[in-house]
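Here is a brief report on one protein model. Look over the sequence and structure first, then read on.

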Amino acid sequence: MRPSDLLVPTPAGLHCPIADVHVDPMRPVARALITHGHSDHARAGHGAVLATRETLAIMAARYGEDFCGTRQVAEPGRPIDLGGVTATFHPAGHVLGSAQIAFEARGLRIVVSGDYKRAADPTCAPFEPVRCEVFISEATFALPVFRHPDADGEVAKLLRSAAMFPERAHLVGAYPLGKAQRLVALIRAGGHQAPVYLHGAMEKLTRLYEANGVALGDVRLVRDVDPKTLAGSIVLCPPGALGDLWSRKLPDPVAAYASGWMRIRARARQSGAELPLVVSDHADWPDLQRTVLETGCAELWVTHGQEEALVHWAKGQGLAARPLHLVGYGEEEEAA
């Protein structure tokens, strides 16, 4: 069997013609397999959706209970017969419920990574390398400049700043799904047990994390208090809200921004971040390379991001490699 008999890129996304299913389709399809809950991968309107229990819950929280016709839970590590093809979900370490999907038929295995990271994250299951003949990877940070520091150290900068400037609030821009909850967990691990305040846009997903057993401590909403009383507090908000009028009600806020893009000084300046924090939920350049090699794949396909750089490196390793140029992924890259 050729790899293209098992999975093929189409305008709607990766398609498995044998089972007639799509992976993270960009438009409504009859049958969809979803790797994780970010909106550029998990869209509403499909006839049937197969995903982990957590990803299904995230989609329901974001789009409503009628986000699809029917839904089926994928248990990690348990193969599912799709009719001539088996699909097995494996942890991707990206956000709660995130998964790689291994497709297997007639001795050929292709793994679709979705988005992933190798760094430790207390809020989701860690990435598991899966041996395969073809690995399909993202490439958001596939350039040598992207080497993510330890996230604990970045959060320690935030806590030191909060201790040095108790008269100011510390306002941290972070994506509401995954990044915000990971930051709160890291803040707790760093010894900060005071309440952490959230923008209202983060409430639903943060409560969903807690309902799935992720302990985040005393988390409160800004709307429930007088913002003027939040001197010395840490406040999380979506990146787009950093400059909103509501933030000016906080006492002399220190604007921070948690993203892998903060590695680039120009991007940090453009974001207006006084305190850039290099914290990403995507693999950096060394971890992308390590992951490709650990899968033992002979062929690499790259979905989105810095595709050409990763393909060039893979060819130098003797692998067959090609970019897929899939359109529609990476819309959340500013928050990566």
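Start with helix α8, residues 307–316, whose buried residues are E307, L310, V311, W313 and A314. Buried means under 20% relative accessible area, exposed means over 50%, and partly exposed lies in between (1.4 Å probe, protein chains only). Helices (H or I, at least four residues) and strands (E, at least two) are DSSP runs, numbered from the N terminus.

The model is predicted: local features need pLDDT of at least 70, side-chain atom pairs count only at pLDDT 80 or more, and totals for chains, interfaces and linings use all residues. Residues are numbered from 1 along each chain as its sequence is written, and side-chain values use heavy atoms, with hydrogens and water left out.

**Helix α8**

Why do the buried residues of α8 line one face of the helix? Seen down the axis of α8, they fall within an arc of 165°, so they line one face. The arc is that of the directions from the helix axis to the C-beta atoms. An α-helix has 3.6 residues a turn, so residues three or four places apart point the same way.

The face turned away from the buried side of α8 carries exposed H312, K315 and G316. What do the buried residues of α8 pack against? Their partners are listed here.

| Partner of α8's buried residues | Residues |
|---|---|
| β11 | 134–139 |
| α7 | 285–295 |
| β18 | 299–305 |
| β19 | 320–323 |

Contact means heavy atoms within 4.5 Å. After α8 comes G318, with a positive phi near 90°.

**The sheet**

Six strands form an open sheet in the order β14-β13-β15-β12-β16-β17, with parallel pairing. Two strands pair if DSSP finds at least two bridges between them. The edge strands, β14 (219–221) and β17 (275–277), each pair on one side only. From one strand to the next, the twist averages 25°.

Strand β13 (residues 196–198) runs parallel to β14, and three bridges join them. In this pair, L198 stands opposite L221 of β14. Helix α4 (residues 179–189) packs on the sheet, and its direction makes about 165° with that of β15 (234–237). Axes are lines fitted to C-alpha atoms, for helices over the stretch in contact, and angles run from 0 to 180 degrees between N-to-C directions.

**Cysteines**

How many disulfides are there? The count is zero, where a disulfide is a pair of cysteine sulfur atoms within 2.5 Å. For C16, the nearest cysteine sulfur is that of C132, 15 Å away. C16 is buried, at 0% relative accessible area. The sulfur of C68 is too far for a bond, because the closest cysteine sulfur, in C16, is 19 Å away. C68 also counts as buried, at 10% relative accessibility.
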